[in-house]
Amino acid sequence: AITMAARRGKLIVFEGCDRSGKSTQCAMLTDRLRKDGHKVEQLKFPDRTTSIGIMINNYLANKEDQSDEVIHLLFSANRWEQMQKMSKLLLGGTHLVIDRYAYSGIAYSAAKGMDLHWCRQPDVGLIKPDRVIYMTLTGDKASERADFGGERYEKKEFQAKVEKVFEQLHDPTYWQVVNGDGSINEVHEDVFKIVSEVISTDCGPLNKLWT
Ligand code: Z5A
Ligand code: MG
């Protein structure tokens, strides 16, 4: 069990507000790690391919309404439905690069005025990331980037509230901030430095989030 823990894959999560470059950086990091010979898989939340994911997609696209509580629980269930697969991959030595996680779940719901403690409960016990890379953008950069404003939550004032909740969730023991203002390649180098260090460290057995 000890060698298994030492050789397990690492769970790297990208978080942050809209258009900060999470998806771009997840793809670049995954490619780079794979080229370097690592076993690595990329996942994203919401995973819009499952039946729960389709309900979430309809909500985000404003095609369907849900109460705040229901959509919150669907986002969480959409993570829980991947836990078995994730745990298998990690224990088999595959690194996982994940685009958004429970922190987005809490940040977007609490930004609507929902109780933060209530919002956190459904995600308690998910696999804990080895590192959260929290991407920031200064000023109006987000709204200047492509496609901003197409979905339900893509409004400037709302994004500012989301950012405030992320700041409350920030845990310096395993979060690192990456400034997304630079060029895609500059940001990638910052990300890669952080992840290289995590990958070469023995992080012990898998842990559960917020337990
Ligand atoms: N949500 C929730 O409420 N509860 C939950 O539990 C979860 C999510 C998991 C959809 O998420 C919504 O779901 C989201 C949160 C909510 N709502 N909002 N807002 P999503 O992950 O599917 O969202 P998305 O559509 O992928 O967008 P995004 O994540 O906001 O964008 P991003 O991934 O951070 O950025 P990007 O796609 O990499 O880049 C955006 C654009 O900027 C693109 O044209 C890039 O080419 C460009 N870009 C990227 N990097 C740079 C740099 N460095 N310079 C210049 N331009 C750049
Ligand atoms: Mg994205």
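View 1. Strand 1 covers residues 11-16, and because six of its six residues are buried (20 or more other C-beta atoms within 10 Å of the residue's own, with C-beta atoms placed from the backbone), it is largely enclosed by the rest of the structure. Helices (H or I, at least four residues) and strands (E, at least two) are DSSP runs, numbered from the N terminus. Leu11, Val13 and Glu15 point one way from the strand, whereas Ile12, Phe14 and Gly16 point the other way, and all are buried. In a regular strand the side chains alternate between the two faces of the sheet. This is a predicted model, in which local features need pLDDT of at least 70 and side-chain atom pairs count only at pLDDT 80 or more, while totals for chains, interfaces and linings use all residues. Residues are numbered from 1 along each chain as its sequence is written, and chains are lettered from A and ligands numbered from 1 in the order in which they are written.

**View 2. The pairing partners of strand 1.** Two strands pair if DSSP finds at least two bridges between them. Strand 1 pairs in the parallel sense with strand 3 (residues 95-99) over four bridges, and the bridge partner of Val13 in strand 3 is Ile98. With strand 4 (residues 131-136), strand 1 also pairs in the parallel sense, over five bridges, and there Gly16 has Met135 as its bridge partner.

**View 3. The shell around ligand 1.** Of the 25 residues around ligand 1 (C-beta atom, placed from the backbone, within 6 Å of the molecule), Gly21, Ser23, Thr24, Gly105 and Tyr108 come nearest. Helix 2 (22-35), helix 6 and helix 10 (184-199) are the elements that give two or more residues to this shell.

**View 4. Ser104 in helix 6.** Ser104 is found in helix 6, which covers residues 102-110, and it counts as buried because it has 25 C-beta neighbours inside 10 Å. The C-alpha atoms of Ser104 and Lys10, 94 residues apart along the chain, are separated by 20 Å.

Definitions and conventions: Buried ≥ 20, exposed ≤ 12 C-beta atoms within 10 Å, placed from the backbone.
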